[in-house]
Amino acid sequence: MLRNLLQFLSFIAIALIMFSCGTEEEIVPDTLTISANKQQVYLGETINFTIVSQNNGNVTSTADIFVNGEQIEGSSFVPTEVNEENQVYATWNGHTSSTITFKSLEEVVIPDTYTKKVLVEDYTGTWCGYCPGMNNVLNHFVNYSSNVIPVAIHCDDDPYQFEFQAQLQAEYETTGLPKAQIQRINPLQLYVENYIIDFCGTQEAYYHDLIQPYLDQPAPLGLAINSQLNGNNLQFQVKVGFVVDEIPNAKLVVYLLEDGLIYNQVNYFAGTGDPACEYSNYPQNIANFEHNHVLQKVYTDVFGDEIPASEISTNSLYTRNFDVNLPSNIENRENLSLVAFVMGNENNEVINVQFAEIGEDVDFD
């Protein structure tokens, strides 16, 4: 009987312990996290830190923040020395956060004005018999001004077909080649006389006059590009400088282009007898035709990555760093280039554009 009484008492004790544990509020250990509003800043620029307690929320105003081992005043810091890895952590209420890093770079001199450059996107194909004529038009543009930047977007069952070609054509109504767009949204009008369309692009003076008003527009921003290629790893930086305080709907697009791609080209100008059209002397299927400015990859959304409005103001600088791999279809790494442009305002027109060969540093101009 004594044994049964002891077993009963043990059972009651265990039950009381379990009941007590089940009703007691569990204590969650606190953790501290730190974040920064930028991953890199230039000398003289401000970087801001935010400290969050898991149990108490935002504690930035009462936390102690340390940059490279030295406590700073408040939660903002302005670097005065170049450093590839500034180390930052915070303490609060006996807790210490993990360490984050940021880069401080040499101060960039932002120009007061920028050169206006113009993007021309040519929707084309090796199978498109009238497309060599549009290639003539692009040649007229770039021979007229080095500030015209062409891009060839190959379409529909083409060996160089761009992966987002269908989305672009649907958005900008560029089916039925050849078609081209100036500053992304403006259709390129071929010369017409007596209802005859200049498909071969022979009217050079007309195309010079056509592109000049775009070159004459003001440039509220400029772009700079620098890059390096190691094996298949491509690292590059795009900088956007502003001379205005606001650009609604600002978005950045970055293209990878390849030149010198050799592939046959269909030619509908063969045998037409037009002395002004050089392609009339070529066969209907031109062997080993050289395709240039071929769009191979986009490293942003094809319709642009948002540039935060907080980054845009007069004499401000917006920077994006990219660490990517080359696509597998690249034939010659020596013929690669980058095109970066900013779209914006109500009509999402290209505001300015920059071109740089891979491995080349192109500064603001």
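Visitor: Which three strands form an open sheet, and in what order?

Guide: In this predicted model, the order is E17-E18-E24, with antiparallel pairing. The edge strands are E17 and E24, since each pairs on one side only. Neighbouring strands of this sheet are turned by 15 degrees against each other on average, direction ignored.

Visitor: How do you know that E17 and E18 pair?

Guide: Two strands count as paired if there are at least two bridges between them. E17 and E18 have 10 bridges, in the antiparallel sense, so the pair meets that definition. Serine 227, for one, has phenylalanine 236 of E18 as its bridge partner, and asparagine 226 has glutamine 237.

Visitor: What lies between E17 and E18 in the hairpin?

Guide: Two residues lie between these strands, and glycine 231 in the turn has a positive phi of about 65 degrees.

Visitor: What makes E18 and E24 a pair?

Guide: Nine bridges join these antiparallel strands, against a requirement of at least two, so E18 and E24 are paired. Glutamine 237 stands opposite asparagine 321 in E24.

Visitor: Why is E18 called mostly covered?

Guide: Buried means under 20% relative accessible area. Eight of the 10 residues of E18 are buried, so by this cut-off the strand is mostly covered.

Visitor: Which residues have the most contacts inside the largest nonpolar core?

Guide: They are Leu234, Phe236, Val238 and Leu256, in a core of 29 residues. Strands E17, E18, E19, E24, E25 and E26 each give two or more residues to this core. E18 gives the most, with five residues.

Visitor: What is valine 238 in contact with, leaving aside its neighbours within four places in sequence?

Guide: Its contacts are Leu223, Ala224, Leu252, Val254, Tyr318, Thr319, Arg320, Phe322 and Ala340.

Visitor: Which hand does the crossing of H2 and H4 have, and which residues of H2 make the contact?

Guide: The crossing is right-handed. Val137, His140, Phe141 and Tyr144 of H2 make the contact with residues of H4 including Tyr207, Ile211 and Leu215.

Key
Residues numbered from 1 in each chain as written. Predicted model: local features only at pLDDT ≥ 70, side-chain atom pairs only at ≥ 80, totals over all residues. Heavy atoms only, no water. Core = buried A, V, L, I, M, F, W, Y, C linked by side-chain atoms within 4.5 Å. Buried < 20%, exposed > 50% of the residue type's maximum accessible area, 1.4 Å probe, protein only. Helix = DSSP H or I, 4+ residues; strand = E, 2+ residues; numbered from the N terminus. Contact = heavy atoms within 4.5 Å. Axes fitted to C-alpha atoms, helices over the stretch in contact; angles between N-to-C directions. Left-handed = near helix turned anticlockwise from the far one by under 90°.
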